[in-house]
Each structure stands twice: as C-alpha cells, then as structure tokens.
Amino acid sequence: VITGLACTGMRIAELTGLKWSDVDLDDGRITLTDETGYEAGTEPRRTLKSGHSRSVLIDDELRKVLERLPRASPHVFLGPTRRRLLPDFVRRQFVRDVIKPLTPNFSTVAGRRGFADGRLHSFRHYFVSHCATRKVAELVVMEWVGHADSSMVRHYFHLSNEESRL
C-alpha cells in the first residue's frame, strides 16, 4: 500500500478501491475511471474527487509489488479478511504501527510540522515532489494526480535540502 501511494500519488480511497481491471501491466498504466454517470450495479460506483477519470504510469517499484500480489479478488489490495482493504483500517494501522512507534526517532523543530504529523496523504506530497525533481512536466503531474489547477500541484511540492543543491 505504501509503495502504491508513493508511486502513484493516489488518495488512499482510490488505492484501496483499485481493481485488477484498472491495472494494465503490459501497457504499464493504471486507469482510474470515475463512474459517477454509470448505472448502479452490485458494487458501489467509484467517484473520483475531481470527477474525471485519469491514468498514471506504473514505475518499476510498483510493478514488482503488483506482480507479487495474488489475484484472488477483483480488488488489488486486500485486508486481513481477504476482502477489499478499507481506507480507515489502513489509516489507523499506519498511525499505530508506523507513526507512533517511530516518532521518537525523528526530531522536529518546535512549532513546525514533523514526522509525528505524517499521514497517508503525505505520500501524495512525496509523489508530486518526486515528479518535480525528475522534471516531469507540471501538466503531466496534474493529470496523474487529478488536479485541474497548477497551484494545487505547487502546494504539494516540497524541495528537500539535497535537491536544492542541484
């Protein structure tokens, strides 16, 4: 899940709702379809925050993860009961098992946000920043993350100390 978030910039609800039918390993692309106008079926319709379908490339790290996952369900990421993984479950586990135990290992400047404030959405910020440092065109990043406004993409961009020296 962490690799999926970091390598796609998806929101957690988008990633946990990901189906194998959205994944095209041959083409190297994940396509998220907004199903707002679709006829209701047995599964809830996927609605994307932007209201627009989009696709994102599958990088090598994510490909390795996807190739190892079983295809025992229509959904890519499964929870402990072998059903679709739920966003709130992942959020709670992330805070409990990652953020809280590791926070003492990371210092934070008083009055500033730090490791303890990290959440799953932080991987969306990471993805946009990583794209920017790889010189991916802003319009492409906007398409991948589903933003219609470049100011929102700039809001997500954070330059690290190492990158600022380049």
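Predicted model: local features only at pLDDT ≥ 70, side-chain atom pairs only at ≥ 80, totals over all residues.

Trainee: What makes up the secondary structure of the chain, and in which order do the elements run?

Mentor: The chain holds eight helices and three strands. From the N terminus, the order is α-α-β-β-β-α-α-α-α-α-α.

Trainee: Why are strand 1 and strand 2 said to pair?

Mentor: Pairing requires at least two bridges between two strands. Strand 1 and strand 2 have two bridges in the antiparallel sense, so they count as paired. Within this pair, D24 stands opposite R29 of strand 2. The hairpin that they form has four residues between the strands, and G28 takes a positive phi near 70 degrees there.

Trainee: How do you know that strand 2 and strand 3 pair?

Mentor: Four antiparallel bridges join strand 2 and strand 3. The requirement is at least two, therefore this pair qualifies. R54 in strand 3 is the bridge partner of L32.

Trainee: Why do strand 1 and strand 3 stand at the edges of the sheet?

Mentor: The sheet is open, with its three strands in the order 1-2-3 and antiparallel pairing. Strand 1 (23-24) and strand 3 (54-57) each have a single partner strand, so one side of each is left without a neighbour in the sheet.

Trainee: What makes a residue of strand 2 buried, and which residues qualify?

Mentor: The cut-off for buried is under 20% relative accessible area.

Trainee: Why is a set of residues called a nonpolar core, and how many residues has the largest one here?

Mentor: The name applies because the members are buried residues of listed nonpolar types, joined through side-chain atoms within 4.5 Å. The largest such core has 32 residues, and L18, V23, I30 and L66 have the most contacts inside it. Among the elements that give two or more residues to this core are helix 1 (2-8), strand 2 (29-32) and helix 3 (60-68). Helix 5 gives the most, with four residues.

Trainee: What does V23 touch, if residues up to four places away in sequence are not counted?

Mentor: On that basis, V23 touches L18, R29, I30, I58, L66 and V76. These qualify as contacts because a contact means heavy atoms within 4.5 Å.

Conventions. Residues numbered from 1 in each chain as written. Heavy atoms only, no water. Buried < 20%, exposed > 50% of the residue type's maximum accessible area, 1.4 Å probe, protein only.
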